[in-house]
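Trainee: Could we go through this structure together, starting with the terms?
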Amino acid sequence: MISEQILVIEDEPVVALDLQQSLLELGHSVTGIGASFEEAMQLVAHTQPSMVFMDIHIDGDRDGIETCREIYQRWKLPVIFLTAYADDETVERAAGTRPFGYVMKPFENKELQAVIQVARSRHDAEISLSRSEQRLAVALEAAEMGSWEWDAGPDHVQGDARFHQLLGLSLRPVQAGLQELIRRVHPDDQSQVQDLFRQSGYFHHQFRVQRRHHEFGWLEIYGKLQRNAQGQELVIGALRDITLRKTMEENLRQASVVFSTAAEGMLILSATGHILNANPAFSSMTGFSLGDVIGRQPQDFLMVRREADPSYAQIASSPEGYWTCETCCRRKDGSLMATLQHVCAVRNETGSAEQFVLSISDISFIREAERQLEHLAFHDPLTGLGNRYLLDQRLMQELSLANCQQACLAILFIDLDGFKAINDSMGHHVGDKLIQEVARRIQSQIRRHDEAIRLGGDEFVVILPNLTNQSDARLVAEKMLRQIAEPIQIDEHALRVSASIGIASYPRDGLDLNTLLSAADSAMYAAKHQGKGRACEYVAEMTDYVRTRLQTEQSLHHALERQELQLYYQPVMHLNSGRLAGFEALLRWQHPVSGLLSPDQFIPVAEESGLIEPIGTWVLEQALQQIQIWQQMTQRPLFMAVNVSPRQFVHADFAAIVQQALQRCQLSGESLEIEITESILQDFQRSKRIVEALRTLGCTVAIDDFGTGYSSVSLLRHLPVSRIKIDRSFVSALPGRAQDTGLVSAMLGMAHSLGLEVTAEGIETAEQAAILAGMANMAAQGYYFERPQPAEFFTVGWLSRHSAA
């Protein structure tokens, strides 16, 4: 079985890949896959297949039928149509292209193989037929002319055997009339041929005659009108077949068009390699005009010649007579371009090379695309830094060098603090710009031979080889921390982020890639645990911390379904009257092994792992159900304050989720206070839309831990929040210094001027309560009133003592 080189043109990727697999299983090769006319033309030209499978319906303005016609006209390749359905008109058009077979989708391997064999047999037969016709045309051209004469009196034409053969008449002697001869002429030429026999003197004309199978050939007729002895008209002449010459003239015209319009640059060279002609594409491609290159040899000014390249004489003497290679060419301006060069010898009748045709295809864009693909394979598209593949490759190289040279090497594992809140609240477009700026700052702090890698998200790794001292890695890390902590301006936002950096050193902390990365990762988590915005060097105990954190994340996945999460509640009191205003819901985790955990022990893990949204929705539902129970018990309009994470708050359906929860519990919006952190305000426009939607529901929106973030008073003036909660760090300083009291007083004055209500958090003593009560009428919560307790604590006894008006 002959193995074919097959090109597939199919616009459905699944079908194309399926066909490719089937062809490979049958032992054939697939030179390429395309989906449009343009791709088909390029792939045929570049891959030189022996057969084409073509879908009738492909991408672009020109369908598979037109593409088939173009391929056959240019390259005479056998084309097999692929189709799942086609109307009668399409089938008729397809048949007009003389395809070499059809394959209906879906197809079987046996069917494919049968169609391929039939197409190959037919194509070989057509090639054989074409070659036979060429040999016949040469024989006819070399043959002598057929002689003939026409006697007008009896009106009969006589001719020799050659004459009869050229006209397609019977070879036996017959006396045909002039009209029988005329009927053999092409209808468009009949009147002109008939006129020849009416003019006096010598004549010469070319015309078409009908051959078998309704085909026409070209004849050249010579004749002279004269009179015989009786005065009758007599024409004597000769006839020869010029079909081949006409065909060659047409081919020359076509070749001229191809030469003039081809996209490839073409040069016609003499036997000695000097340029005789150049097509327009060559001038456009290289900048050299025809006058610049005539008489010169390409290797003297155009080709970047290599020692292994053959000479023109060697190409001419080779059995193939051509040579193809990839090489560089110089443009007129001196720039270089990657090209595919093809040199073909043009031989005369003795086999000697009289000329050479040199074609040049610009493949610079292909090589540039390959370079970009190689770069993308090892680099992060957002920042341009290396990716995980480059990290593995580069770190292995540096570890090998460090081992040979007994040198120090360090790994910095960098994770941004607070990035998720910014990305979730302000959108990925801001998050991407922030990552790009951080990457630029990291790169600005390393040496030329160091390598910065982005692992993904907000995680980076820096490889520091050839360190003089292991302590140098900490110096680099400290510089990075200072750079990253500088304010970052993105659009209208002034943002601040910090980073936590883990440091691991070779050979102290590990001898291989995975051990070092794990150590640096553990050190990074230790830096976060110690307060973030710092760098930590690895010590063995850090591995236990990372293992514990991973266990916490795994356990947290099951905490909801196992009902391990609980809500504790802390009352919110009217400070001056001592009346109960409402409660704040506080999340706890009754861990089966570690016992009762406070939020700061697992909420950061929930935020990083993406579990905060389902947990937040559960908290909202449970808290609303509880306040509905307490409102019925007390017959008072108590509210429930619920903390919401930035990620949960900026969710597109957050307001709808709140509304549905209120409806399920049959509560009005006044029963719910949503507490948000100041970091959400960095994306002011989005926050404003969400706050307005919540206010439309009747909910109160409060800014929690006020004064500890980056709130802008001007933003608060336009954001429709209802309350601020003064952070416990300011309250715990009371009575303290005059500055402490003044700071709290200033916050209260600002809130009053903006029409905001105030809740003071963390009141632990009667003295603190008295000082705050003397400043303003506000709400308060803290251990002085009650510690956070389970719902049962308040339901049984506590509410009955504190709910009286």
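Mentor: Buried means under 20% relative accessible area, exposed over 50%, and partly exposed in between (1.4 Å probe, protein chains only). This is a predicted model, in which local features need pLDDT of at least 70, side-chain atom pairs count only at pLDDT 80 or more, and totals for chains, interfaces and linings use all residues. Residues are numbered from 1 along each chain as its sequence is written, and side-chain values use heavy atoms, with hydrogens and water left out.

Trainee: Is F794 buried or exposed?
Mentor: F794 counts as buried, because its relative accessibility is 0%. F793 has a relative accessible area of 32%, so F793 is partly exposed.

Trainee: Which aromatic cluster is there?
Mentor: One cluster is formed by Y569, F583, W630, F793, F794 and W798.

Trainee: And how many aromatic pairs are there?
Mentor: The count is 13; rings of Phe, Tyr and Trp (its six-membered ring) pair if their centres lie within 6.5 Å, and planes under 30 degrees apart count as stacked, over 60 as edge-to-face and the rest as tilted. One of them joins W589 and F602 edge-to-face, at 5.5 Å centre to centre with 80 degrees between the planes. Both W589 and F602 are buried. F793 and F794 also pair edge-to-face, at 5.2 Å and 90 degrees.

Trainee: New topic: where does the charged end of R296 sit?
Mentor: The charged end of R296 sits over the ring of F301, 4.2 Å from its centre. The rule requires NZ of Lys or CZ of Arg within 6 Å of the ring centre and within 35 degrees of the ring normal. R787 likewise lies over the face of Y783, at 4.0 Å from the ring centre.
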